[in-house]
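Subject: Structure for your review

Dear colleague,

Please find the structure below, together with its sequence. My findings follow it, and I would be grateful for your comments.

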Amino acid sequence: MTARIERPLSPHLQTYRWTLTMALSIAHRITGIALYFGTLLLAWWLIAAASGPGAYGHVQAFTSSFIGRLIVFGYTWALLHHLLSGIRHFCWDLGYGFKPAEREALSWGALLGGIALTVLLWIAAYAFGGGR
């Protein structure tokens, strides 16, 4: 009979205390995936614009609906959140922001900044773009 070798177990998520940095790391990956699907919507819009008024009208009808605006709003937030989280990661790549207070500030900045920029962008789009 062979002796069983005891291997060290990797810690599970239940072992760690959840932090904002952990949650935003996961959100960064999720928004990256969401950007793939949002880019398909963007490609649909561009192809429709090049195809003529009929095709463009279909895209406009979808993006003007409640669900369409919700999806575009979510895409906008995903894009801006992913951008700010990428800047946060870039700061870390440069060797800055590893102290607990700095990590927390960068995380809150990415989270709140993504939300604030999304809302400001949509307000500007409606104010200057004549949104309905």
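In which crossing, left-handed or right-handed, does helix 1 pass helix 4? Before the answer, please note that this is a predicted model. The crossing of helix 1 past helix 4 is left-handed. Helix 1 contributes L20, T21 and L24 to the contact, while helix 4 contributes R103, E104, S107, W108, A110 and L111. Sorted by class, the residues of this contact are 5 nonpolar, 2 polar and 2 charged.

As to geometry, the axes of helix 1 and helix 4 lie 9 Å apart, and the two helices pack at an angle of about 45°. Angles from 65 to 115 degrees count as roughly perpendicular and those under 35 degrees as roughly parallel; helix 1 and helix 4 are therefore oblique to each other.

The largest pocket has a volume of about 690 Å³. It is lined by 23 residues, of which W45, Q60, T63, V72 and W122 are the closest to its centre. Two or more lining residues come from each of helix 1 (20–51), helix 2 (53–64), helix 3 (66–93) and helix 4 (100–129). Helix 3 gives the most to this lining, namely 7 residues. In terms of class, the lining of the largest pocket comprises 12 nonpolar, 9 polar and 2 charged residues.

With kind regards

Note on methods:
Residues are numbered from 1 along each chain as its sequence is written. This is a predicted model: local features need pLDDT of at least 70, side-chain atom pairs count only at pLDDT 80 or more; totals for chains, interfaces and linings use all residues. Side-chain values use heavy atoms; hydrogens and water are left out. On a 1 Å grid over the protein atoms alone, a cavity is a set of points where a 1.4 Å probe fits but cannot get out, and a pocket is an open set with protein on both sides within 12 Å along at least five of seven lines; lining residues have an atom within 4 Å of a point. Grid points are joined across faces, edges and corners, and a volume is the space filled by probe spheres set on the points. Helices (H or I, at least four residues) and strands (E, at least two) are DSSP runs, numbered from the N terminus. Ala, Val, Leu, Ile, Met, Phe, Trp, Tyr, Cys and Pro count as nonpolar, Asp, Glu, Lys and Arg as charged, and the others, Gly among them, as polar. Axes are lines fitted to C-alpha atoms, for helices over the stretch in contact, and angles run from 0 to 180 degrees between N-to-C directions. Angles under 35 degrees count as roughly parallel, over 145 as roughly antiparallel, 65 to 115 as roughly perpendicular and the rest as oblique. A crossing is left-handed if the near helix is turned anticlockwise from the far one by less than a right angle, and right-handed if clockwise. Contact means heavy atoms within 4.5 Å.
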